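Visitor: Hi, could you walk me through this one? I'd like to start with the pockets.

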Amino acid sequence: LLAGAVLVVLTLFGNGDGFAFRHHWLVKQLLHDALSQGLHLVFVLLGVNVLFPLPVIGAMPRAQRLAWLLMSLLCALAISLLKHQSRVSCPWNFAEFGGSAHELAHLSLAAWRGWGDGGPGHCFPAGHVTNAFALVGGTFALRALSMRASRLWLASVCVIGFVLGVTQLLRGAHFPSHS
């Protein structure tokens, strides 16, 4: 059974019948789907930027633009690999919210040794949220060009990551700690 502060937070948005915002159009389509597609676009733009420098960051050497892209992609790949191996299920899969999963600490060895929680797993870490945070490296890449651009990039990434994290919490897709 889920316990403590996590259960208190989750019961603000869900109950035995599930999570009211799981399929809500505003939360699902706008805050989740559209922001996720926007993240994909940022990764594509970083790739284009390697070959054809974008006006804002054109003064950055190609090698640095490539390093920025590769580090962001490696972070996203690592997140995906972790998620694929995880046996931790999403909140909407837990018995307290109409599913069949039971508590399993996602940082315990049990979660990584094939012992599941009774649900489908593959929920930790939160993919879209952590992919947003995979872009934080741009802060350091931009620092040499402009501290203002660097700070703006960091603030943007943090806001997008935070919004995606709250969105997934509202939908019952992730525990707060997954973000």
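**Pockets and helices**

Guide: Happy to! The largest pocket holds about 250 Å³ of space. A pocket here is an open set of points on a 1 Å grid over the protein atoms alone, where a 1.4 Å probe fits, with protein on both sides within 12 Å along at least five of seven lines; lining residues have an atom within 4 Å of a point. Grid points are joined across faces, edges and corners, and the volume is the space filled by probe spheres set on the points. This is a predicted model, where local features need pLDDT of at least 70 and side-chain atom pairs count only at pLDDT 80 or more, while totals for chains, interfaces and linings use all residues. Residues are numbered from 1 along each chain as its sequence is written, and side-chain values use heavy atoms, with hydrogens and water left out.

Visitor: Which element gives the largest share of the lining of the largest pocket?

Guide: That is H7, with four residues. Helices are DSSP runs (H or I, at least four residues), numbered from the N terminus. Among the lining residues are Val42, Trp68, Leu152 and Trp153.

Visitor: And what classes are in that lining?

Guide: Eleven nonpolar, one polar and no charged residues. Ala, Val, Leu, Ile, Met, Phe, Trp, Tyr, Cys and Pro count as nonpolar, Asp, Glu, Lys and Arg as charged, and the others, Gly among them, as polar.

Visitor: Is Leu152 buried or exposed?

Guide: Leu152, in helix H7 (residues 147–171), counts as exposed because its relative accessibility is 54%. The cut-offs are under 20% relative accessible area for buried, over 50% for exposed and partly exposed in between (1.4 Å probe, protein chains only).

Visitor: How about Asn49, buried or exposed?

Guide: Asn49 is buried, at 0%, and lies in helix H2 (residues 25–51). Leaving aside neighbours within four places in sequence, Asn49 is in contact (heavy atoms within 4.5 Å) with Leu54, Ile57 and Arg65.

Visitor: Switching to H3, which of its residues are buried?

Guide: Arg65, Trp68, Leu69, Ser72, Ala76 and Ile79. They pack against H2, helix H5 (127–133), helix H6 (137–143) and H7.

Visitor: Back to pockets: how much space lies in the second largest pocket?

Guide: About 210 Å³. Its lining has 19 residues, with Lys83, His122, Gly127, Gln168 and His174 nearest the centre. H5 gives the most to this lining, four residues.

Visitor: And how do the classes divide there?

Guide: The lining of the second largest pocket has eight nonpolar, ten polar and one charged.

Technical notes. Helices (H or I, at least four residues) and strands (E, at least two) are DSSP runs, numbered from the N terminus.
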